[in-house]
Amino acid sequence: CAKKAKPHKDDKKDLATCRVLLAELETHQDAWPFLKPVDLKAVPGYRKVIKKPMDFSTIREKLNNSQQNNELFLCTFIIDVNLVFDNCERFNEDDSEIGRAGHNMRRFFDKRWTELLQ
Ligand SMILES: Cn1cc(C(=O)NCCCNC(=O)c2ccc(F)cc2)ccc1=O
């Protein structure tokens, strides 16, 4: 994804931008299925089907622990957010409440990421 993001003039702000972007995802009205890890005991089949679970609270922890100087944090952030939405598409029907929430959130993220980071 590094090659995708245009060579960023000032990547010092990228960590702050990721935090802003994550806050916008967490406060989005359709964020509720993605705020916490899916409960593997409560959701039958999830553990078997989804090899790499991811959610917004886990992304926030990773971001809080990431060093500014480790320039991989931006790519890791983008990959993790997309993993949330890819998992959602894999496990949920498009025509379901959670499936639709995932599509809405991905559209929102793609727009905001492009505005803020490219
Ligand atoms: C992404 N994904 C999520 C679920 C799932 O069941 N997730 C928990 C929903 C229950 N959580 C809430 O209802 C809630 C959470 C926070 C909040 F502020 C208000 C309500 C199942 C399959 C799947 O693919």
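Ile 59 touches Leu 22, Met 54, Phe 77, Asp 80, Val 81 and Val 84, leaving aside residues up to four places away in sequence; contact means heavy atoms within 4.5 Å. The model is predicted, so local features need pLDDT of at least 70 and side-chain atom pairs count only at pLDDT 80 or more, while totals for chains, interfaces and linings use all residues. Residues are numbered from 1 along each chain as its sequence is written, and side-chain values use heavy atoms, without hydrogens and water.

Ile 59 also belongs to the largest nonpolar core, which has 26 residues; Ile 59, Leu 25, Phe 56, Phe 77 and Phe 109 have the most contacts inside it. Such a core is a set of buried Ala, Val, Leu, Ile, Met, Phe, Trp, Tyr and Cys residues joined through side-chain atoms within 4.5 Å. Buried means under 20% relative accessible area, exposed over 50%, and partly exposed in between (1.4 Å probe, protein chains only). At least two residues of this core come from each of α1 (14-27), α3 (56-65), α4 and α5 (97-117). The largest share, nine residues, is from α4. Helices are DSSP runs (H or I, at least four residues), and strands are runs of E (at least two), numbered from the N terminus.

The structure holds zero disulfides, a disulfide being a pair of cysteine sulfur atoms within 2.5 Å. For Cys 18, the nearest cysteine sulfur is that of Cys 75, 9.7 Å away. Cys 18 counts as buried because its relative accessibility is 0%. Cys 88 is buried too, with a relative accessible area of 5%.
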